[in-house]
Amino acid sequence: MKAIFSLNSGSSSIKFALFTLDGANNPMLSAGGKIERIGIAPSLRVRSADGDIVLERDWPDGASLSHAELLKDIFAWAAERLGDRQVIAIGHRVVHGGTEFAAPRLVDDAVLDALEKLNPLAPLHQPHNLAAIRAIAQLRPGLPQVACFDTAFHHDKPPVAARLPLPRAFHEQGIRRYGFHGLSYEYIARRLREIDPVLAAGRMIAAHLGNGASLCAMRDGKSIDTTMGFTALDGLMMGTRCGAIDPGVVLHLQTQLGMSAADVEDLLYRKSGLLGVSGISSDMRTLSDNSGPEAEEAIELFCWRVAREAGGLIASLGGLDAFVFTAGIGENHADVRRRICERLAWSGLWIDESANLGSALRICEANSPVAVLVIPTNEERMIALHTLNVVREDHS
């Protein structure tokens, strides 16, 4: 039997999944899991396709463990789990594809070198994505690896949504709004089409709310506008990232406070967001369990920023038919969903509190002008589907 392995290395987590190909060459989930809270106290959970936990491991004192070090445990588990199945390819989430990579690509040295040049545009993600590719190339030379880009989904958005108000020469150099979380948004568009084709053909905002967070405005499943721009630092407040701020703040930090470019980068990417405002944690679960005013202020600011940015995307769409919550915070934090919907009630998001507290797909009132849904994302499945298609094309 043949199998495909999907790897999704994020800023504070590594998600992975093993898919076995059935008789029609469709990827069927065999097992998958996640290492989360990287940089704090990493924990590994692996589940079978039925949801049963098959492996658990915690590193309570592992704040210093790198993504590459933690990947070794995933590789060890995969080797044991495979049995007589043959992995024919490994698919990777790669956050930034720049202007060159608008579709999944088979990785070779030239592709890898080109992607390395994009590291400064996604310093929390791209180095981890590429480190995994290099590690596997050493472990299994010759095994096809496919890069699946978070920016690709947004590649065909309207030109006005891609341009920054800078001199034209910079745009031609690739300084433009790209957008990210594309694999997640592609899956949500695909899943909503299965659930409600009429709704999927309309105007939707998908809210990918996790340690990294963004919104995407879609019409008929296509990206129209999104909150992230040139880098994954833009847009919403996140776990440790500030999101959009006055660029004058950056100038002030450097010219008046004497901070170096490296210090400013570290501040904006790693010490801001929920962590910076609360002074407690970047994890929404920890903040939700904390009764202190600093934790409350961080949560409220997060929700305010989501609602504020959503208002702008509604303008880009010319109205709204559906709002979808997804990713770690979006799927699991009812209080965050409630706060956001209450701030957007003017636009037709009328939340049903009992449905929101449960596990319902639709969490809006029956007569809500805008459908509000919670749809778990599945970037790993999208990676597997793209990887399978690329491998097929390579052998055709």
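These notes cover a sheet, its helices and a pocket in a predicted model.

1. Start with the sheet. Five strands form an open sheet in the order β11-β10-β9-β12-β13, and the pairing is mixed. β11 and β13 (371–374) are the edge strands, each pairing on one side only. Direction ignored, neighbouring strands are turned by 25° against each other on average.

2. β10 (residues 213–219) and β11 run antiparallel and are joined by four bridges. Met218 has Ser223 of β11 as its bridge partner. Helix α6 (residues 182–195) packs on the sheet. α6 touches β9 (203–209), β10, β12 (322–326) and β13. The direction of α6 makes about 130° with that of β9.

3. A further helix, α14 (residues 334–343), also packs on the sheet. α14 touches β9, β12 and β13. Its direction makes about 155° with that of β12.

4. Now the second largest pocket. The space in this pocket is about 990 Å³. Its lining counts 33 residues, and those closest to the centre are Phe230, Thr231, Leu233, Asp234 and Ile245.

5. Which elements supply at least two residues each of that lining? They are β11 (222–226), α8 (247–255), α9 (261–270) and α12 (293–317). α9 gives the most, with five residues. Edge strand β11 thus has a place in the pocket lining as well.

6. The residues of the second largest pocket's lining divide into 17 nonpolar, eight polar and eight charged.

How values were computed. Residues numbered from 1 in each chain as written. Predicted model: local features only at pLDDT ≥ 70, side-chain atom pairs only at ≥ 80, totals over all residues. Heavy atoms only, no water. 1 Å grid on protein atoms, 1.4 Å probe; cavity = no way out; pocket = protein on both sides within 12 Å on 5 of 7 lines; lining within 4 Å. Points joined across faces, edges and corners; volume = space filled by probe spheres on them. Nonpolar A, V, L, I, M, F, W, Y, C, P; charged D, E, K, R; others polar. Pairing = 2+ DSSP bridges. Axes fitted to C-alpha atoms, helices over the stretch in contact; angles between N-to-C directions. Contact = heavy atoms within 4.5 Å.
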